[in-house]
Structure formats: structure tokens, C-alpha cells
Amino acid sequence: ASKNSLVPVWEKYILSLEEAAQYFHTGEKKLRRLAEENPPPKWALMNGSRLQIKRKILEQAIDDFIRFELMISLETEPTNAIPRDSVSWPGLLFTH
């Protein structure tokens, strides 16, 4: 076993693109596209030309997005509603 495989992915600070895609159950292309936003999200780290993911920061961004979605879903005023087909949050874009 390699030295890198001795640390469980849920304990790693930095994940490779492949590890992050598996861990977060999303595609590598989706993560790369999100990381290429301008300005880049805080969870994206470029090591030369290699994209790496700061696991805890992306976890927090997803948690914040879920809280934001819940807050929007609880609003009663339809004039304040965000279109449900596409919702963005810093560093994240989810389309339904």
C-alpha cells in the first residue's frame, strides 16, 4: 500500500480531484468547472496545473448552501423567491 492510501479520505485535509469526486458523489468535470469560477472558490487549490480540493471548506460550502436552500424554501413571499431551476452560491452551482 502506498503512503497516501494509509490516511482515510474523510481525514484528509486536501483531496485529489478523483478523491473529491468520489467523496462528494459528483463528477470530476463538475468540480473542475466550479473551481474555475472567477474568483476561484476558497475550497479550490491549484498545485501547478493539478486541481486539489480542501475537503472541510467544500463540506462547509455545501452545508451553507443547504441552509440557504432551506431558508428560501421556507419563505412565504413569492416575490422574493429565487428561480428553482438554477440556484448559485459562492463556489457552488446546482441546477435541478
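Is Lys-12 buried or exposed? Lys-12 is buried, with a relative accessible area of 9%. Buried here means under 20% relative accessible area, exposed means over 50%, and partly exposed is in between, with a 1.4 Å probe and protein chains only. I'll come back to that lysine.

First, the ground rules. This is a predicted model, so local features need a pLDDT of at least 70, side-chain atom pairs count only at pLDDT 80 or more, and totals for chains, interfaces and linings use all residues. Residues are numbered from 1 along each chain as its sequence is written, and side-chain values use heavy atoms, with hydrogens and water left out.

Now confidence. pLDDT is the predictor's confidence in each residue, from 0 to 100. The protein averages 81. Of the residues, 73% score at least 70. Where is confidence lowest? In strand E5, residues 92-95, with a mean of 53. Strand E1, residues 14-16, has the highest, at 96.

On to the layout. There are three helices and five strands. Both kinds are DSSP runs numbered from the N terminus: helices are H or I with at least four residues, strands are E with at least two. From the N terminus, the order reads β-α-α-β-β-α-β-β. The protein has 96 residues, and 28% of them are buried. Its accessible surface is about 6,900 Å², and 57% of that belongs to carbon and sulfur atoms. Those areas come from the Shrake-Rupley method with a 1.4 Å probe; for residues, only the protein chains shown count as cover.

Next, contacts, meaning heavy atoms within 4.5 Å. Take those between residues at least 6 apart in sequence. Of these, 41% join residues at least 24 apart.

Let's look at the sheet. Three strands form an open sheet, in the order E1-E3-E2, with antiparallel pairing. Two strands pair if DSSP finds at least two bridges between them. Which strands sit at the edges? E1 and strand E2, 44-47, each pairing on one side only. Neighbouring strands are turned by 40 degrees against each other on average, direction ignored. Axes are lines fitted to C-alpha atoms, for helices over the stretch in contact, and angles run from 0 to 180 degrees between N-to-C directions.

Take the pairings one by one. E1 pairs with strand E3, residues 50-54, over three antiparallel bridges. Ile-14 stands opposite Lys-54 in E3. Ser-16 stands opposite Gln-52 in E3. E2 and E3 also run antiparallel, joined by four bridges. There, Asn-47 faces Arg-50 in E3. The hairpin of E2 and E3 has two residues between the strands, and Gly-48 takes a positive phi near 70 degrees. One general point: in a regular strand the side chains alternate between the two faces of the sheet.

What lies across E1 and E3? Helix H3 does, running at about 65 degrees to E3. H3 covers residues 55-74, and Lys-56 is in it. Lys-56 counts as exposed because its relative accessibility is 53%.

Back to Lys-12, as promised. Lys-12 is in the segment before E1. Arg-55 is 43 residues from Lys-12 along the chain, and their C-alpha atoms are separated by 7.3 Å.

Now the helices ahead of the hairpin. Which residue is in the loop between helix H1, 17-23, and helix H2, 28-35? His-25 is one that is found there. Its phi is near 55 degrees, a positive value in a residue other than glycine. His-25 counts as exposed, at 73% relative accessibility.

Last item: rings. How many aromatic pairs does a search of the whole structure find? One. Rings of Phe, Tyr and Trp (its six-membered ring) pair if their centres lie within 6.5 Å; planes under 30 degrees apart count as stacked, over 60 as edge-to-face, and the rest as tilted. Here the partners are Tyr-23 and Phe-24, with centres 4.9 Å apart and planes at 85 degrees, so the pair is edge-to-face. Tyr-23 counts as partly exposed, at 26% relative accessibility. Phe-24 counts as buried, at 17%.

That's the tour. Thanks.
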